Amino acid sequence: MAKEVRSKIKITQIRSIINRSEKQKRTIKALGLHRINHSVIQTASPQILGMVNKVKHLVNVEDVK
């Protein structure tokens, strides 16, 4: 059987969540981010990419090899 390979992305919080909507704060927390300049590596699933799209002004995204 062929194994599905999903790419990984590195998500870094670059802006504060102070004065942001509660939805945006929860999305940042759901991505696993805690503070500015904190980074996490996530699998690039449709759910993760959708969350990143909602807070794209607060995070920086890079591909991981």
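1. The sheet. Three strands form an open sheet in the order S2-S1-S3, and the pairing is antiparallel; strands here are DSSP runs of E with at least two residues, helices are DSSP runs of H or I with at least four, and both are numbered from the N terminus. Strand S2 (39-43) and strand S3 (59-64) are the edge strands, each of which pairs on one side only, where pairing requires that DSSP finds at least two bridges between two strands. Averaged over the sheet, and with direction ignored, neighbouring strands are turned by 30° against each other.

2. Basis of the model. Please keep in mind that this is a predicted model, in which local features need pLDDT of at least 70 and side-chain atom pairs count only at pLDDT 80 or more, whereas totals for chains, interfaces and linings use all residues. Residues are numbered from 1 along each chain as its sequence is written, and side-chain values use heavy atoms, with hydrogens and water left out.

3. Strand pairing in detail. S1 and S2 run antiparallel and are joined by five bridges, and within this pair lysine 8 has threonine 43 of S2 as its bridge partner. On the other pairing, S1 and S3 are linked in the antiparallel sense over six bridges, with glutamine 13 standing opposite valine 59 in S3. As background, strands of a sheet pair through backbone hydrogen bonds, either parallel or antiparallel.

4. Threonine 12. This residue belongs to strand S1 (residues 8-13), and its bridge partner in S2 is serine 39. The side chains of threonine 12 and serine 39 also make a polar contact at 2.7 Å; a polar contact is a pair of N or O atoms within 3.5 Å, where within protein one must be able to donate a hydrogen and the other to accept it, and residues adjacent in sequence count only if both atoms are side-chain atoms. Leaving aside residues up to four places away in sequence, threonine 12 touches Asn37, His38, Ser39, Leu58, Val59 and Asn60, contact meaning heavy atoms within 4.5 Å. Is threonine 12 buried or exposed? Threonine 12 counts as buried because its relative accessible area is 11%, given that buried means under 20%, exposed over 50% and partly exposed in between (1.4 Å probe, protein chains only).

5. Lysine 10. Lysine 10 also lies in strand S1, but it is partly exposed because its relative accessible area is 29%. Not counting residues up to four places away in sequence, lysine 10 touches Ser39, Val40, Ile41, Asn60, Val61, Glu62 and Val64.

6. The core. The largest nonpolar core has 13 residues, and those with the most contacts inside it are Ile11, Ile28, Leu31, Leu33 and Val59; such a core is a set of buried Ala, Val, Leu, Ile, Met, Phe, Trp, Tyr and Cys residues joined through side-chain atoms within 4.5 Å. With residues up to four places away in sequence again set aside, leucine 31 touches Ile11, Val40, Gln42, Ile48, Met51, Val52 and Val55.

7. Two loop asparagines. Which residues other than glycine have a positive phi? Asparagine 19, with phi of about 65°, is found in the loop between S1 and helix H1 (22-30), and it counts as exposed because its relative accessibility is 76%. Asparagine 37, whose phi is near 70°, sits in the loop between H1 and S2, and it too is classed as exposed, because its relative accessibility is 61%.

8. The salt bridge. How many salt bridges does the rule give? The count comes to one salt bridge, the rule being a side-chain nitrogen of Lys or Arg within 4 Å of a carboxyl oxygen of Asp or Glu. The side chains of glutamate 22 and arginine 26 meet in a salt bridge at 3.7 Å, N to O, and both residues lie in helix H1, four residues apart, which is about one turn of the helix. Glutamate 22 is partly exposed because its relative accessible area is 47%, while arginine 26 counts as exposed because its relative accessibility is 59%.

Conventions. Axes are lines fitted to C-alpha atoms, for helices over the stretch in contact, and angles run from 0 to 180 degrees between N-to-C directions.
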